[in-house]
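I opened this notebook to keep track of what I looked up, entry by entry, in the structure shown below.

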Amino acid sequence: SSRKIVVEEVLEAAKVAEIYAPLEEFSNSLHQICSSFVRDNLERVLELFEDEEVGEDSSRMHILHRLMARASKSKPKPPPVPICKNCKQDPCLNGQKLTKKNFVAGAFISQVVRAGPYLKVLSRAVTCDNSMVYYTVGNGVNQYFEPFELFMYKCK
């Protein structure tokens, strides 16, 4: 588990990364964390420059300069992958048959084929066992169960 860095600690962390440069994997990981922090919190990091006087503590300014240089070379994080809020999958399983493997409690589902007034009624999955889906319809007071193959995800 990684520790979150706050702006006041970023210089100290960068300094530790430089001190422990012989421990290459550790140093590189710490530099990467610091660089990511700088990219994600640029405004806050720029405030560090306001607090520093040129020539006051040249080692701090040197570390800050190198930190900014590393951050400018590091790649930004890729945007988060959108995950469907209903089926919790990417790509979305809208229209796909429900299985025990892809079951998500609380997801909206509908019946694939059903005769009578229940044709494609929107339901909410509650739980499942090896072959059955337990679901509610409407206000969710009554619970029903039927085989998986009768249901598909209704995400959109």
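Grid points are joined across faces, edges and corners, and the volume is the space filled by probe spheres set on the points.

I also noted that this is a predicted model, in which local features need pLDDT of at least 70 and side-chain atom pairs count only at pLDDT 80 or more, while totals for chains, interfaces and linings use all residues. Residues are numbered from 1 along each chain as its sequence is written, and side-chain values use heavy atoms, with hydrogens and water left out.

With that settled, I looked up the second largest pocket and found about 150 Å³ of space in it. Its lining has 10 residues, and Leu11, Glu12, Lys15, Arg60 and Ile63 lie nearest its centre. Helices and strands here are DSSP runs numbered from the N terminus (H or I of at least four residues for helices, E of at least two for strands); H1 and H4 each supply at least two residues of this lining, and the largest share, 5 residues, comes from H1. I sorted the lining of the second largest pocket into 4 nonpolar, 1 polar and 5 charged residues, where Ala, Val, Leu, Ile, Met, Phe, Trp, Tyr, Cys and Pro count as nonpolar, Asp, Glu, Lys and Arg as charged, and the others, Gly among them, as polar.

Core entry. I took a nonpolar core to be a set of buried Ala, Val, Leu, Ile, Met, Phe, Trp, Tyr and Cys residues joined through side-chain atoms within 4.5 Å, with buried meaning under 20% relative accessible area, exposed over 50%, and partly exposed in between (1.4 Å probe, protein chains only). The largest such core has 17 residues, of which Val10, Leu11, Cys34, Val38, Val45, Leu48 and Leu67 touch the most other members. The elements that give two or more residues to this core are H1 (7-19), H2 (24-40), H3 (42-51) and H4 (58-73), and H1 gives the most, with 6 residues. Another core, of 15 residues, lies apart from it and has Leu98, Ala125, Val133 and Phe151 among its members.

I then followed leucine 11, which, with contact taken as heavy atoms within 4.5 Å, touches Leu48, Arg60, Ile63, Leu64 and Leu67 when residues up to four places away in sequence are not counted.

Strand entry. Two strands pair if DSSP finds at least two bridges between them. I found E1 (108-111) joined to E2 by 3 bridges in the antiparallel sense, with isoleucine 109 standing opposite serine 123 in E2. E2 (residues 122-128) and E3 (residues 132-137) are also antiparallel, over 5 bridges, and a hairpin joins them through 3 residues. Serine 123 stands opposite valine 137 in E3, and alanine 125 opposite tyrosine 135.

E3 is in turn joined by 5 bridges to E4 (residues 143-147), again antiparallel. Valine 133 has glutamate 146 as its bridge partner in E4, while tyrosine 134 has phenylalanine 145. This hairpin has 5 residues between its strands, and glycine 138 in the turn has a positive phi of about 70°.

Loop entry. Which peptide bond is cis, with omega near 0°? I found that it is the one from aspartate 90 to proline 91, and proline 91 is in the loop between H4 and E1. Lysine 88 lies in that loop too, with a positive phi near 60° in a residue other than glycine; its relative accessible area is 49%, partly exposed.

Methods: On a 1 Å grid over the protein atoms alone, a cavity is a set of points where a 1.4 Å probe fits but cannot get out, and a pocket is an open set with protein on both sides within 12 Å along at least five of seven lines; lining residues have an atom within 4 Å of a point.
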